[in-house]
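Subject: Structure handover

Hi,

Here is the structure for your pocket work. My notes follow below.

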Amino acid sequence: LEENVRLQQFYLKQSDFRKLMQLDDNFHAILFEVAQKPQVYRLLQDITIHFDRVRWMALESVKELKIVQDHEQILEALRTRDAGQAEALMQKHLSRYKFDATAIREKFPQYFH
């Protein structure tokens, strides 16, 4: 997870969103693996196409992306074994699209009627 987050920081600075998206997916896959729930991750992969579309739109439209910062905070909560904080941070992270909705709608109005 630490290596993944370091690479995310690098590719965010490079604005390499394709690589950032791959690393984001990998970060989540690692978390499911650590939680011994890889089958749940595989099931989610089959139904997240629309969520992935919103993630791409956020990468293209949000000026201050917070996903890497979210991952850093989640990693720190895991390091300190603060389950409550980790859960709260995951809920915030998985709801990030709500915070980014205005910027996404402005950049891609054709998807929202």
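By class, the largest pocket is lined by 21 nonpolar, four polar and nine charged residues. Nonpolar means Ala, Val, Leu, Ile, Met, Phe, Trp, Tyr, Cys and Pro; charged means Asp, Glu, Lys and Arg; the others, Gly among them, are polar. This is a predicted model: local features need pLDDT of at least 70, side-chain atom pairs need 80 or more, and totals for chains, interfaces and linings use all residues. Numbering runs from 1 along each chain as its sequence is written, and side-chain values use heavy atoms, without hydrogens or water.

The pocket volume is about 780 Å³. Of its 34 lining residues, His28, Phe51, Met90, His93 and Leu94 are the closest to the centre. (A pocket is an open set of points on a 1 Å grid over the protein atoms alone, where a 1.4 Å probe fits, with protein on both sides within 12 Å along at least five of seven lines; lining residues have an atom within 4 Å of a point. The volume is the space filled by probe spheres set on the points, which are joined across faces, edges and corners.)

α2 (17–34) gives the most to the lining, with seven residues. Helices are DSSP runs (H or I, at least four residues), numbered from the N terminus.

Confidence next. The chain averages a pLDDT of 90, and 100% of the residues score at least 70. pLDDT is the predictor's confidence in each residue, from 0 to 100. Among the elements, α4 has the lowest mean, 80, and α1 (residues 2–13) the highest, 96.

Best wishes

Terms used: Helices (H or I, at least four residues) and strands (E, at least two) are DSSP runs, numbered from the N terminus.
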